[in-house]
Amino acid sequence: MPMLLLFHSANSQRPDTLKIDSKFTTQEQEVWVTVPDGYDTLRNLPVIIYLDADGLSQLISPFAHYLSRPFDRSIPPVMTIGIRSKSPSWRRKYFVPYNKGDTISRADNDRADDMLAFIEQEMLPLIMEKYKAGNTRVLVGHSLAGLFALYMMNKKPDLFDAYVVVSPSPNRGLLTDGILSAILKNGQSCKKYLHFSVSGNDLEGFEGSAVKANRMLQSSDTGLLKWRYKYYEDYNHWTVVPPAIYDAMVWCFRSLAEEVK
């Protein structure tokens, strides 16, 4: 599989760039990898994988660095891995699962399964081979990428330990009536963590969908799925991302640490 690998520099906050020719998406996927300070002395690092790297890299890696400082350690030292999105149409194509109501051809749309296969079968094995990555993984997605994160929880529940879903797209009921319903029906084979959030001034339909999702979680026996719902009243679809991700990082890693005790 042809690819270009640029390995980590002396400045751990400057990401490596991986360019992977994917047989699943049939195009080159660009991935940014940032390792923590002291990387050379560490091993089995937890991994945060986030979608829409162009925007979220300005938050994820700095937050991870800040929260893992030795005198604080709200989270452990972690690797962060961002998958770049090529365009709005690319996001629609690879983050939205198949929907029978779509009239666009399968080749041009609804290719979330291909993105899932890229992550599972191409990107993660490469990360495990080239970096000191452990088996603890957190997946972060916002908007359409949040919808995809929940889809991945349903389709590949054992691939990640925790999911951070910020203002996920309702996608005509697919979020709640399709994906979340399936998650709650199927249950989890081992303990998983879900941090679900929405803003008070979100896009049309997003808040209502999130409220419905919260009610579904409250009224269901979530079993091995441990979840937290956060409502950020004074934020909108975009400004909610920093506080939601910051809170989610702390909650997820605190929950994972308590599980180990």
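With a relative accessibility of 27%, R228 counts as partly exposed, a class that lies between buried (under 20% relative accessible area) and exposed (over 50%), as computed with a 1.4 Å probe on protein chains only. The model is a predicted one, in which local features need pLDDT of at least 70 and side-chain atom pairs count only at pLDDT 80 or more, while totals for chains, interfaces and linings use all residues. Residues are numbered from 1 along each chain as its sequence is written, and side-chain values use heavy atoms, with hydrogens and water left out.

R228 sits in strand β9, which spans residues 225-236. Strands here are DSSP runs of E with at least two residues, helices are runs of H or I with at least four, and both are numbered from the N terminus. Neighbours within four places in sequence aside, R228 is in contact with L194, H195, F196, D247 and W251, where contact means heavy atoms within 4.5 Å. With one of these residues, H195, the side chain of R228 also forms a polar contact of 3.3 Å. Such a contact is a pair of N or O atoms within 3.5 Å; within protein, one atom must be able to donate a hydrogen and the other to accept it, and residues adjacent in sequence count only if both atoms are side-chain atoms. Further along the chain, C252 is 24 residues from R228, and the C-alpha atoms of the two are separated by 9.5 Å.

Helix α2 (residues 88-95) packs against α3 at an angle of about 85°, with the axes 5 Å apart. Axes are lines fitted to C-alpha atoms, for helices over the stretch in contact, and angles run from 0 to 180 degrees between N-to-C directions. The two helices α2 and α3 are therefore roughly perpendicular to each other; this label covers 65 to 115 degrees, whereas angles under 35 degrees count as roughly parallel, those over 145 as roughly antiparallel and the rest as oblique. On the α2 side, W90, K93, Y94 and F95 take part, and they meet A112, D114 and M115 in α3. By class, this contact of α2 with α3 comprises five nonpolar, no polar and two charged residues. Nonpolar here stands for Ala, Val, Leu, Ile, Met, Phe, Trp, Tyr, Cys and Pro, charged for Asp, Glu, Lys and Arg, and polar for the others, Gly among them.

Helix α3 (residues 112-130) also packs against helix α4 (residues 144-155), at an angle of about 70° and with the axes 11 Å apart. That makes α3 roughly perpendicular to α4. The residues that meet are A112, D113, M115, L116 and I119 from α3 and F148, Y151, M152 and K155 from α4. Seven nonpolar, no polar and two charged residues make up the contact of α3 with α4.

Y151 in helix α4 counts as buried, at 9% relative accessibility. Residues up to four places away in sequence not counted, Y151 touches P97, A112, D113, L116 and I179. The loop between α2 and α3 holds Y98, which counts as exposed at 51% relative accessibility.

A nonpolar core is a set of buried Ala, Val, Leu, Ile, Met, Phe, Trp, Tyr and Cys residues joined through side-chain atoms within 4.5 Å. The largest core has 57 residues, of which M79, I119 and M123 touch the most other members. Leaving out residues up to four places away in sequence, the contacts of M79 are V33, T34, V35, P36, L45, P46, V47, I48, I127, Y131, K132 and A133. Another core, of 30 residues, lies apart from the largest one and includes W32, F63, V241 and C252.

Most residues other than glycine have a negative phi. T26, in the loop between β2 (16-22) and β3 (27-34), has a positive phi near 55°, and with a relative accessible area of 61% this residue is exposed. N171, in the loop between β7 (162-166) and α5 (174-186), has a positive phi near 45°. At 12% relative accessibility, N171 counts as buried.
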